[in-house]
Amino acid sequence: MTTEQIINLIGQAVGFVAIAVAFLSFQVKNKNGILAIQALANFIWAIHFYMIGAMAGCILNLVGAVRNVIFAMRDKYKWLGGVWLPTV
């Protein structure tokens, strides 16, 4: 096997981990917990897409992870709930 094929296989395994983490987020009972675990899942998806060479998927999942973190923290930090929030 070539190095590229090995990285692709590891990337696919990372994708399975991302699916498991995403499913786990639906077992959490509070909003911030769901958003935090989904942010983690998005970050793992970003790693998966990076490893298989899909940069658009990687960037979109990183944006989604940042969005989830912002929404999870906007109750604690009121400045995150401003008018600009829909642009994220």
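**First pair of helices**

This is a predicted model. Start by selecting α1 and α2: the two helices run roughly antiparallel to each other, because the angle between them is about 165° and angles over 145 degrees count as roughly antiparallel. In selection terms, α1 is residues 3-25 and α2 is residues 31-51. The axes of this pair lie 8 Å apart, and α1 passes α2 in a left-handed crossing.

Now show the side chains at the contact. On the α1 side, select Ile7, Ile10, Gly11, Gln12, Val14, Gly15, Val17, Ala18, Ile19, Val21, Ala22 and Ser25. On the α2 side, the partners are Ile34, Ile37, Gln38, Leu40, Ala41, Ile44, Trp45, Ile47, His48 and Met51. Coloured by class, the contact of α1 with α2 shows 16 nonpolar residues, six polar and no charged.

**The whole chain**

Zoom out for a moment. The chain has three helices and zero strands, in the order α-α-α from the N terminus. Of its 88 residues, 27% are buried. Taking contacts between residues at least 6 apart in sequence, 47% join residues at least 24 apart.

**The nonpolar core**

Which residues form the largest nonpolar core? Select Val14, Ala18, Val21, Ala41 and Ile44; these five residues are the set. Both α1 and α2 supply at least two residues of this core, and α1 gives the most, with three.

Centre on Val21. Apart from neighbours within four places in sequence, Val21 is in contact with Ile37, Leu40, Ala41 and Ile44.

Then move to Ile44, which lies in helix α2. Is Ile44 buried or exposed? Its relative accessible area is 13%, so Ile44 falls under the 20% cut-off and counts as buried. Leaving out residues up to four places away in sequence, Ile44 touches Val14, Val17, Ala18 and Val21. For a distance check, draw a line from the C-alpha of Ile44 to the C-alpha of Val17: the two residues are 27 apart in sequence and 7.6 Å apart in space.

For the contact, select Lys31, Asn32, Leu35, Gln38, Ala39, Asn42, Phe43, Trp45, Ala46, Phe49 and Tyr50 in α2. By class, the contact of α2 with α3 has 14 nonpolar, seven polar and two charged residues.

**Last stop: Asn61**

Centre on Asn61, in helix α3. Asn61 has 15% relative accessibility and so counts as buried, the cut-off being under 20%. Which residues does Asn61 touch, not counting residues up to four places away in sequence? Select Asn42, Trp45, Ala46 and Phe49 to show these contacts of Asn61.

How values were computed: Residues numbered from 1 in each chain as written. Predicted model: local features only at pLDDT ≥ 70, side-chain atom pairs only at ≥ 80, totals over all residues. Heavy atoms only, no water. Axes fitted to C-alpha atoms, helices over the stretch in contact; angles between N-to-C directions. Helix = DSSP H or I, 4+ residues; strand = E, 2+ residues; numbered from the N terminus. Parallel < 35°, antiparallel > 145°, perpendicular 65-115°, else oblique. Left-handed = near helix turned anticlockwise from the far one by under 90°. Contact = heavy atoms within 4.5 Å. Nonpolar A, V, L, I, M, F, W, Y, C, P; charged D, E, K, R; others polar. Core = buried A, V, L, I, M, F, W, Y, C linked by side-chain atoms within 4.5 Å. Buried < 20%, exposed > 50% of the residue type's maximum accessible area, 1.4 Å probe, protein only.
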